[in-house]
Amino acid sequence: MLLAVISDSHLGAPSPWLESVYARHLAGADALVHCGDITAESVWAFFLQHPNFHACLGNCDWTLGSLLQPVARLSLDGLNIAVTHGFGPRSEVPRRVAQALGPEADLVCFGHTHARYFSDEHGALLVNPGSLAEGSLALLTLEPGRRPACRFVDI
């Protein structure tokens, strides 16, 4: 199963660039998660075209507060996945999300720092795809009983 993870799109509206990224990298994924800072309801609506789209509320999602929660949870291929934006000083975000969500999740997807991250050094398997607005996303291959494999994509 292919999981596409994006975050920090920071767009005011869908654009031809976003449509191209979606067609090339996201549409074919079995699931798509956005780790917050979508920033516009029209962009959120654009991502809803994916049949298995999940998103959480980011600190810049002022107009999406009634549509999104701070944490989204899903289960894919036997993995419990938590999706959050992240909080606190950027240098502490991986440790904080691992402590908050790691005990009940096999994989924690987060954003906020705009920096790519894939590690289990804080006691939970964590992935941050970097910032979509800055040309980064993550593709994870999920297989039952195996540690997910992560590939970062420059766009």
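Reader: What covers the buried residues of α3?

Author: The cover includes β4 (71-76), β5 (79-84), β6 (107-109), β7 (116-119) and β8 (125-129). Before we go on: this is a predicted model, where local features need pLDDT of at least 70 and side-chain atom pairs count only at pLDDT 80 or more, while totals for chains, interfaces and linings use all residues. Residues are numbered from 1 along each chain as its sequence is written, and side-chain values use heavy atoms, leaving out hydrogens and water.

Reader: Which residues of α3 are buried, and why do you say that they line one face?

Author: In α3 (residues 93-101), they are V93, P94, V97, A98 and L101. Down the axis of α3, these buried residues fall within an arc of 130°, so they line one face of the helix. The arc is taken from the directions between the helix axis and the C-beta atoms. Helices (H or I, at least four residues) and strands (E, at least two) are DSSP runs, numbered from the N terminus.

Reader: What makes S136 count as buried?

Author: Its relative accessible area is 7%, and buried means under 20% (exposed is over 50%, partly exposed in between; 1.4 Å probe, protein chains only).

Reader: Why is β9 called largely enclosed?

Author: Five of its six residues are buried, so the rest of the structure largely encloses β9.

Reader: How do you know which strands β9 pairs with?

Author: Pairing takes at least two DSSP bridges between two strands. β1 and β9 have four, running antiparallel, and six antiparallel bridges join β9 to β10. A4, for one, has L139 in β9 as its bridge partner, and S136 has D154 in β10.

Reader: What does the side chain of S136 reach?

Author: The backbone oxygen of P129, at 2.6 Å. A polar contact is a pair of N or O atoms within 3.5 Å; within protein, one must be able to donate a hydrogen and the other to accept it, and residues adjacent in sequence count only if both atoms are side-chain atoms. In the wider sense of contact (heavy atoms within 4.5 Å), S136 meets R116, P129, G130, S131, V153 and I155, leaving aside neighbours within four places in sequence.

Reader: What makes F47 and F53 a stacked pair?

Author: Their centres are 5.6 Å apart, with 25° between the planes. Y22, F46, F47 and F53 form one aromatic cluster.

Reader: Which residues touch the most other members of the largest nonpolar core?

Author: L26, L32, F47 and L137, out of 23 residues. Such a core is a set of buried Ala, Val, Leu, Ile, Met, Phe, Trp, Tyr and Cys residues joined through side-chain atoms within 4.5 Å. β1, α1, α2, β3 (53-55) and β9 each give two or more residues to this core. A second, separate core of 19 residues includes V33, C56, C109 and L125.

How values were computed:
Phe/Tyr/Trp six-rings, centres within 6.5 Å; stacked < 30°, edge-to-face > 60°.
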